[in-house]
Amino acid sequence: MAPRMQVLAYIEDHPKAIMVLRAARARAQEKGYAWVAVYLETPAQATSADQSAHARMLRLLTLAQQMGGETLHFETQTIDEGMRRVLEAAKDRLCLCVVGSTEAEYHWRFWERRMPSWQRVVRLASTYTPVETVPLSGQPFVRSLWRWPNLDSFRLRHLLYALLSVGVAFGCAVLLQWALPPALFRINSRNVALLFMIACAFSASRFGMIPGLLASVIGFFAANYYFIPPYRSLQISTITEALDMILFLAAAVLIALFTSQTRTLAERAKRREISTQALFMLYRIASDAFTHSQALGKLQRTLTHMLEMDVAFFLPPTLSPDRIEAAFPPDLSLSNGDTMALGTCWKEMKTTGLASPFNPGSAWRFEPMIAPGGEIGVLGVRPRKKHQLDPWYGRLLTSIADQTASVLEHIELERSMEATRIREEREKLRSMLLSSVSHDLKTPLAGIIGALSVHQSLGSRLPPARRADLLETALEEAHRLDSFITNILDMTKLESGSVEFHCEWHDMGSLISQVTKRLQHRLRKHPLTVHPVPAGIEVHMDVMMVEQVLQNLLDNACKYTPTGTPIDITCRLDERGYMVEVRDHGPGIPPDRLDKIFDKYARLQKEDAQIAGTGLGLAIARAVMEAQDGWISVANHKDGGAVFTCCLRQWRKTESAPLVQIETPIEQPIAQACIR
Amino acid sequence: MHTLRNKHIVAIDDAPSILKFLRVSLEALGADYHEAQTASGGLVLCERIMPDVVVLDLGLPDKEGFTILPQLKRLDKETHLPIVVVLTVRNDLKFKAMAEALGADAYITKPFHMEDLVDVIYNKLGITPPQRPN
């Protein structure tokens, strides 16, 4: 989609600046373009204590929004630099720039003769786009050298503190009067004035301009009345003293004014710090959080603390994106007016509520959170009592809302990428499992079909021994196929949890002889040694399941070790439980595969080169052992070969001996007797 | 009846059951039969024996059967190159195309009937198959 063409309106602080907005809107409407009001704030303006200029610009920008325009308001070092950035960014869709021309002429700044800022903007913009100037009658607002400090933060109690500080100064002066002889005190009356001056400077810097002025006036009268002869009178006897007092008053008033202005500037610096911190924190949270709720919860707490306002995030419910509801904190209750303002904010994607042109009656202010990918939700703040939501806060909230939206979008994108990756991985694994299973099923089948087909076609010409050989091969492969299919079914059952375990007390020795008898045929190429099992011990287990584990282990030992190598089965007791060890004398297991060998997908990492039917046996063994509160592990023996150890935790002496739990220390003599 | 008399055949497969019935049947048909369970062992065997036919599995324990296929086809046997029959569980056109591109003469998927393999060998060696009693 081609970007929509734009008309740019450059606005400055001028009584008739609205004419520029109207002209821009008219030009935009003629062609069906969008229009943007641009206000560039230089450091001189941003740090100025002149609140009325801020308020005027905010009204102007709000007006631009109401007139259907977009607004662009940012800080820049110089007007030229800021304008160049705006023009560069918009140059592809820019079709006209509207600038208000004033009667302001060249002016001198220090030694340099400068064009008025609007002329500089016209000169700059005309290199990018046609420029239309709108003549504005009257002089622009003049920002005086002196600006009234912010009165919003004025509190009555600050006056009391100012009076108190004057009182302290008074006390010090009384002390001085008491301590010094009258003649000496008279000479020191200037120092008394300085005491009151300190009180005045303290009040001004601590509590602002009005308490400072109050302190200077009260101090003036107190000094005059009590400490300048004639005492207890406002009269002044000498010209020197009159001059002193007049100078004192003048100095005190000036100190009050300038100190309070410095204080205002310091407060602005603090706010700047807050906004920098807030935006930095957003970036940090963006890199830490993995889920929406995690990020929003953290943001809500931190912003509440940092802005000293109630902060809430509102998100649309997953199923009905038209509605919007409180996400953090989830139990927030809003009045009808607040809800209406919130609804308007979400529906029309514009700032609503407190100190905004829409639903200003609400106690909350709502900022839409819009990310490059679309609307995400709404940020709401409710200033606490007496806290003024001024233009600076408005701007900060907009940037916080934007940043939060990008953070959330970023998290969402990461999550969906992760989900896609997992899905792909799972799909890959599934197809690998399928090909592995088909390989494992087909290899024994190939042996059966091949051997039987040879028997069928050539049988009559083969010596009887060869014929028997073929049939035996087919039978062996059929057994192998059976055990593999059983494994697949068992694994499926174990995974779906449909296997019930029937544990009972049983003797391990008889179980082992059962299994070895059944595997006799397969074990004939490997001499098997079953070492004597601990006598008089019963183990709590599901006999069928443990038989299968042993069968799988012996099966593996046969398959993976060279013909003729022995296999050992050893049972012993130790402090962990009843141990059954199956040791082969083959090549052992590569150390890097030791921890993966019980993994169902372990052998998928290899191709179909492996001997068939080996994939699931160990995975089943582990599942079975763990289902009985036991475990299975593998290690390479120091003299070669792999050792599989199965542990069952519950065992007891026969003849209804009490159940021995793993926590119970095993009596030493029994343990020794049991270990071979 | 010894239709494969004087034919040298090498089978390379890691499944003992397959090697078993290949040996029984091919020896019954009079062939000079040899077998190996690994790709590298098979290659050495082929270099020594210079077989007429190689029966090659693809998934071998040490390496892919594909990797030795070109080397097998380069073995010079004065009159002709050895016939290579690929024998695998991979029922996939992609693998079949790959095997053919690397010079395989036939591609048989497991499981298979021994008659089919023998027919392919007859066909590739230009031997007229004996009449089979029905």
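Why is strand β4 (residues 94–101) of chain A largely enclosed by the rest of the structure? Six of its eight residues are buried, so the strand is largely enclosed; a residue counts as buried if 20 or more other C-beta atoms, placed from the backbone, lie within 10 Å of its own, as exposed if 12 or fewer do, and as partly exposed in between.

**Before starting**

This is a predicted model, in which local features need pLDDT of at least 70 and side-chain atom pairs count only at pLDDT 80 or more, while totals for chains, interfaces and linings use all residues. Residues are numbered from 1 along each chain as its sequence is written, and chains are lettered from A and ligands numbered from 1 in the order in which they are written.

**Chain A as a whole**

Select chain A, which has 18 helices and 20 strands. Helices (H or I, at least four residues) and strands (E, at least two) are DSSP runs, numbered from the N terminus. Of the 676 residues in this chain, 33% count as buried. Among contacts in chain A with a separation of 6 or more, 70% are between residues 24 or more positions apart; two residues are in contact if their C-beta atoms, placed from the backbone, lie within 7 Å.

**Around strand β4 of chain A**

A:Gln6 has A:Leu94 as its bridge partner. Next select strand β7 (residues 131–135) of chain A, likewise parallel to β4(A) and joined to it by five bridges. Here A:Cys97 has A:Val131 as its bridge partner.

**The five-stranded sheet**

Now select the open sheet of five strands in chain A, ordered β14-β16-β17-β19-β18 with mixed pairing; two strands pair if DSSP finds at least two bridges between them. At the edges are β14 (528–530) and β18 (631–636) of chain A, each pairing on one side only. From one strand to the next, the twist averages 20°. Axes here are lines fitted to C-alpha atoms, for helices over the stretch in contact, and angles run from 0 to 180 degrees between N-to-C directions.

Within the sheet, β16 (residues 567–574) and β17 (residues 577–584) of chain A run antiparallel and are joined by eight bridges. A:Cys571 stands opposite A:Val580 in β17(A).

**Helix α2 of chain B**

Move to chain B and select helix α2 (residues 39–49), whose buried residues are B:Ala39, B:Gly42, B:Leu43 and B:Cys46. Seen down the axis of α2(B), these fall within an arc of 100°, so they line one face of the helix; the arc is that of the directions from the helix axis to the C-beta atoms. On the other side, B:Val44 and B:Arg48 are exposed. The cover over the buried residues includes β1 (8–12), β2 (32–36), β3 (53–57) and α3 (65–74) of chain B.

**Where the chains meet**

Finally, display both chains: 20 residues of chain B are in contact with 25 residues of chain A. On the chain B side, α1 (16–28) and α5 (114–125) are the elements that give two or more residues. The largest share, seven residues, comes from α1(B).
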